[in-house]
Amino acid sequence: RREASQPINKKTSGSSFKNPIGHHASKLIEQAGCKGLKVGDAVVSQKHANFLINTNNATAEQIEDLGKIIIEKVYNKFQIMLEWEIKIIGEPN
């Protein structure tokens, strides 16, 4: 079942954002037009919008920048602030 709905054969860190109360993060991300959105080698999965895929050699910065764009787009459309499910560690350059 997971194979049909999630990109489990791709390089991902799993679910990227927590589900806001009463919502599914993947639906909000999809409805905000983020499926397929790309920063460098990091891309939003076409199969499940709450998965960020490393298509080649995405850096942590590219993944985080893509996430920030998603957060902004979802907030601008729905006034809902997504929270990372992935733990961000370290300091940006």
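Q: Which residues touch the most other members of the largest nonpolar core?
A: This is a predicted model, in which local features need pLDDT of at least 70 and side-chain atom pairs count only at pLDDT 80 or more, while totals for chains, interfaces and linings use all residues. Residues are numbered from 1 along each chain as its sequence is written, and side-chain values use heavy atoms, with hydrogens and water left out. A nonpolar core is a set of buried Ala, Val, Leu, Ile, Met, Phe, Trp, Tyr and Cys residues joined through side-chain atoms within 4.5 Å, where buried means under 20% relative accessible area, exposed over 50% and partly exposed in between (1.4 Å probe, protein chains only). The core holds 19 residues, and those that touch the most other members are Phe17, Ile29, Val44, Leu66, Ile70, Val74 and Leu82.

Q: Which element supplies the largest share of this core?
A: α2, β3 and α3 each supply at least two residues of this core, where helices (H or I, at least four residues) and strands (E, at least two) are DSSP runs numbered from the N terminus. The largest share amounts to 4 residues and comes from α3.

Q: Which residues does Leu82 touch, not counting residues up to four places away in sequence?
A: Leu82 is among the core residues that touch the most other members. With contact meaning heavy atoms within 4.5 Å, and with residues up to four places away in sequence not counted, Leu82 touches Phe17, Lys18, Pro20, Ala25, Leu28, Ile29, Ile70, Ile71 and Val74.

Q: Within what arc do the buried residues of α3 fall?
A: Helix α3 has 19 residues and reaches 27 Å from its first C-alpha to its last, close to the 27 Å expected at 1.5 Å a residue, the expected span being 1.5 Å times one less than the number of residues. Its buried residues are Leu66, Gly67, Ile70, Ile71 and Val74. Seen down the helix axis they line one face of α3, because the arc, taken over the directions from the axis to the C-beta atoms, is 145 degrees.

Q: Which residues on the other side of α3 are exposed?
A: The buried residues of α3 have a cover that includes α2, β2, β3 and β4. On the other side of this helix, the exposed residues are Glu61 and Asn76.

Q: What angle does the direction of α3 make with that of β3?
A: The open sheet is formed by 4 strands in the order β1-β4-β3-β2, with antiparallel pairing, where two strands pair if DSSP finds at least two bridges between them. β1 and β2 (38–39) are the edge strands, each pairing on one side only. Helix α3 (residues 60–78) packs on this sheet and touches β2, β3 (42–44) and β4. With axes as lines fitted to C-alpha atoms, for helices over the stretch in contact, and angles running from 0 to 180 degrees between N-to-C directions, the angle between α3 and β3 is about 30 degrees.

Q: Which residue stands opposite Val43 in β4?
A: β3 and β4 run antiparallel and are joined by 3 bridges, and a hairpin of 6 residues connects them. In β4, Phe51 and Ile53 point one way and Leu52 and Asn54 the other way, all of them buried. The residue of β4 that stands opposite Val43 is Ile53.

Q: Which residue of β4 stands opposite Ser15?
A: β1 pairs with β4 (residues 51–54) in the antiparallel sense over 2 bridges. Thr12 stands opposite Ile53 in β4, whereas the residue opposite Ser15 is Phe51.

Q: What is the relative accessibility of Ser16?
A: Ser16 lies in the loop between β1 (12–15) and α2 (25–31). Leaving aside neighbours within four places in sequence, Ser16 is in contact with Asn50, Phe51, Leu52, Glu83, Trp84, Glu85 and Ile86. Ser16 counts as buried because its relative accessibility is 1%.

Q: What phi does Gln79 take?
A: Gln79 is in the segment after α3, and it is exposed, since its relative accessible area is 53%. Although Gln79 is not a glycine, its phi is positive, at about 55 degrees.

Q: What distance separates the C-alpha atoms of Ile89 and Ala60?
A: Ile89 also lies in the segment after α3, and it counts as exposed because its relative accessibility is 70%. Ile89 and Ala60 are 29 residues apart along the chain, and their C-alpha atoms are separated by 9.8 Å.
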